[in-house]
Amino acid sequence: MMLITFDQLSSIYDFLMYPIERKILQKWREHLWNEIKGSRILEVGAGTGVNFRFYPDDKFIVAVDISPNMLHKARSKGKYNLVVGDVLSLPFGDDSFDAVVSTLVFCSVKDPLRGLDEIKRILRKGGFLYMLEHVRPRGWKGRVFDMLNPLSVWIMEEHINRNTHEIVKAAGFRILEIKDITSDGLFKYLVARYIG
Ligand SMILES: C[S@@+](CC[C@H](N)C(=O)[O-])C[C@H]1O[C@@H](n2cnc3c(N)ncnc32)[C@H](O)[C@@H]1O
């Protein structure tokens with residue numbers, strides 16, 4: 001059981017994230033959406049729609065999130081195709097998308113390997129996965145995150161020491177690009193491809 005849910009956080013999420021958005025994330029979100037390949041795109045865990053302002057005009061994009069309240073906030077940011085749904089059981093057919101985007105999502109997905117299998121199912125063969133995720137940082141910070149992880153999982157199912165990039169490899173994606181966007185390795189930008 002979680003003490004705090006994204007539904008409850010939805011009204012203050014953008015406010016809480018503002019400093020880190022300005023300092024670190026915004027420019028990488030822009031980079032990700034500038035780089036994206038394909039015409040049918042799925043954003044998983046779209047939350048309050050922080051990425052919407054970077055969505056390219058020439059693509060068909062669907063945004064899915066498990067939290068109705070987060071998507072309610074997102075709705076105020078523009079007219080997009082928003083769907084309440086779980087990445088562990090996506091409401092789309094096989095091979096429906098050319099690319100999937102996930103930003104700050106896989107730390108809170110209960111079963112990340114299953115979520116990535118679901119992404120592989122709805123991606124066409126050769127499709128792309130773009131991620132901006134926080135993972136276990138290097139060095140002493142990593143050890144502190146290990147200690148705090150049971151607490152953050154208990155509070156809000158937040159796995160702060162999860163090495164999502166390793167799980168992406170284990171799921172059978174081919175990593176095309178991986179970049180530390182902070183010197184401690186906490187935030188990573190990753191592009192991978194599902195060859196099939
Ligand atoms: C930290 S927020 C990130 C929101 C947004 N992607 C961003 O970059 O600001 C994590 C989001 O993932 C969603 N989420 C968590 N588990 C999910 C799942 N199994 N399926 C779909 N969305 C999920 C949450 O509801 C929340 O909106």
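The bend at a residue is the angle between two axes, one fitted to the seven residues ending there and the other to the seven starting there. The model is predicted, and local features need pLDDT of at least 70, side-chain atom pairs count only at pLDDT 80 or more, and totals for chains, interfaces and linings use all residues. Residues are numbered from 1 along each chain as its sequence is written.

The chain has 6 helices and 7 strands; helices (H or I, at least four residues) and strands (E, at least two) are DSSP runs, numbered from the N terminus. Along the sequence their order is α-α-β-β-α-β-β-α-β-α-α-β-β. The chain's radius of gyration is 16 Å, close to the 16 Å of the globule rule for 196 residues, so the chain is as compact as a globular protein of that length. That radius is taken over C-alpha atoms, and the rule is 2.2 Å times the number of residues to the power 0.38.

Of the 196 residues, 37% are buried. A residue is buried if 20 or more other C-beta atoms lie within 10 Å of its own, exposed if 12 or fewer, and partly exposed in between, with C-beta atoms placed from the backbone. The largest nonpolar core has 44 residues, and Leu42, Ala99, Val100, Leu129 and Tyr130 have the most contacts inside it. Strand β5 (123–134) is among the elements that give two or more residues to this core, and β5 gives the most, with 6 residues. Such a core is a set of buried Ala, Val, Leu, Ile, Met, Phe, Trp, Tyr and Cys residues joined through C-beta atoms within 7 Å. Beyond its neighbours within four places in sequence, Tyr130 is in contact (C-beta atoms, placed from the backbone, within 7 Å) with Leu32, Ile36, Ala99, Val101 and Val191.

Strand β7 (residues 187–194) runs antiparallel to β6, and 6 bridges join the two; strands pair if DSSP finds at least two bridges between them. The two form a hairpin with 6 residues between them, and Gly185 in the turn has a positive phi of about 80°. Of the 7 residues of β6 (residues 174–180), the number buried is 0, so β6 lies largely in the open.

Helix α5 (residues 139–156) is also hardly covered, with 0 buried among its 18 residues. Helix α5 bends by about 45° at Leu148, and Pro150 follows within four residues. Just after α5, Glu157 takes a positive phi of about 50°.

Key: Two residues are in contact if their C-beta atoms, placed from the backbone, lie within 7 Å.
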